[in-house]
Amino acid sequence: ELDYRDPGMVRYYLGGICEKTQRSDEAMEWYRSVTGGSQYIPAQIRYAVLLTKKGKADEALKHLQQLPATNNQQRAQLIIAESQLLRETGAYQKAFQLLSDGLEKLPDHVDLLYDRALAAEKIGKSDIMEQDLRKLIQLKPDHAHAYNALGYGLAEHSDRLPEALELIEKAIMLSPNDPYIMDSLGWVHYRMGNLNQGLSYLRQAFGMNPDPEIAAHLGEVLWVQGIKDEAKEIWQTALKNNPGNETLISTMKKFMK
């Protein structure tokens, strides 16, 4: 109404408000109406994310692929957004290839390195995961999530548990209130046989954020300690809120036969 100099930014924020208040159709209209300015690419990415949530992943990918990028920052934003949509639909190999192509043009881009490491882990390329994360740590020594992802990856795919713990402890020092890092810390303690310590950290992480993967980890430790009713309740609530989460489903199948 006041003719603000950057109407695209106002529309982007209105879309965000609608999205956070569960009015996705209205949010999509606001995002789609951003036709220029600094928030154009972020608005179109959010539009694609909401399309995917409506089961229109192919349409969302096509929308992202048709967007014009005018600089390397925007190119990287679009590659990352497209790769995340591919990962969410289980197309991990395509996501990995897309990010690899992006890194050929932007070899030291920290976000592309981080996302390719995650994609590499999903398709069993743990050597590339480690290589990318170690390079990222060299480029950005205060990147807490790089230490965390590397530590978690080592805990999952190798017997290098003491090294994994050291990396995750470095991550928690850099970002002490991050629930995902707290989850990794609890998980690696569990893998090392420190059940009580693992349970304590996982309860803290779940209290900060009832994420389905944190729920899967917390439930597993509870189950192993014989606290099965609480484990089932946590899993079932998480599954109701996140019906397609792979980690949660495979954990429940493993224990609730």
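Select H3 and H5 first: each supplies at least two residues of the lining of the second largest pocket. (Helices are DSSP runs of H or I, at least four residues, and strands are runs of E, at least two, numbered from the N terminus.) This is a predicted model, where local features need pLDDT of at least 70, side-chain atom pairs count only at pLDDT 80 or more, and totals for chains, interfaces and linings use all residues. Residues are numbered from 1 along each chain as its sequence is written, and side-chain values use heavy atoms, with hydrogens and water left out.

Now show Arg46, Val49, Lys53, Leu85 and Glu88, which lie nearest the centre of this second pocket among its 17 lining residues. H5 has the largest share of that lining, 8 residues. A pocket here is an open set of points on a 1 Å grid over the protein atoms alone, where a 1.4 Å probe fits and protein lies on both sides within 12 Å along at least five of seven lines; lining residues have an atom within 4 Å of a point. The volume is about 590 Å³, meaning the space filled by probe spheres set on the points, which are joined across faces, edges and corners.

Stay on H3, residues 40–53, and pick Gln44. Is Gln44 buried or exposed? Gln44 counts as buried because its relative accessibility is 1%; the cut-offs are under 20% for buried, over 50% for exposed and partly exposed in between, with a 1.4 Å probe and protein chains only. Beyond residues up to four places away in sequence, Gln44 touches Tyr31, Arg32, Val34, His63, Leu64 and Leu67 (contact means heavy atoms within 4.5 Å).

Next, click Leu64. Along with Leu133, Leu64 has the most contacts inside the largest nonpolar core, a set of 62 residues. H3 gives the most to this core, with 8 residues. Such a core is made of buried Ala, Val, Leu, Ile, Met, Phe, Trp, Tyr and Cys residues joined through side-chain atoms within 4.5 Å. Leaving aside neighbours within four places in sequence, the contacts of Leu64 include Ile45, Ala48, Leu78 and Leu85.

Last stop: the largest pocket, with a volume of about 1500 Å³. Select Lys122, Asp211, Glu213, Asn245 and Thr247, which lie nearest its centre out of 41 lining residues. Then colour H9, which gives the most to this lining, with 7 residues.
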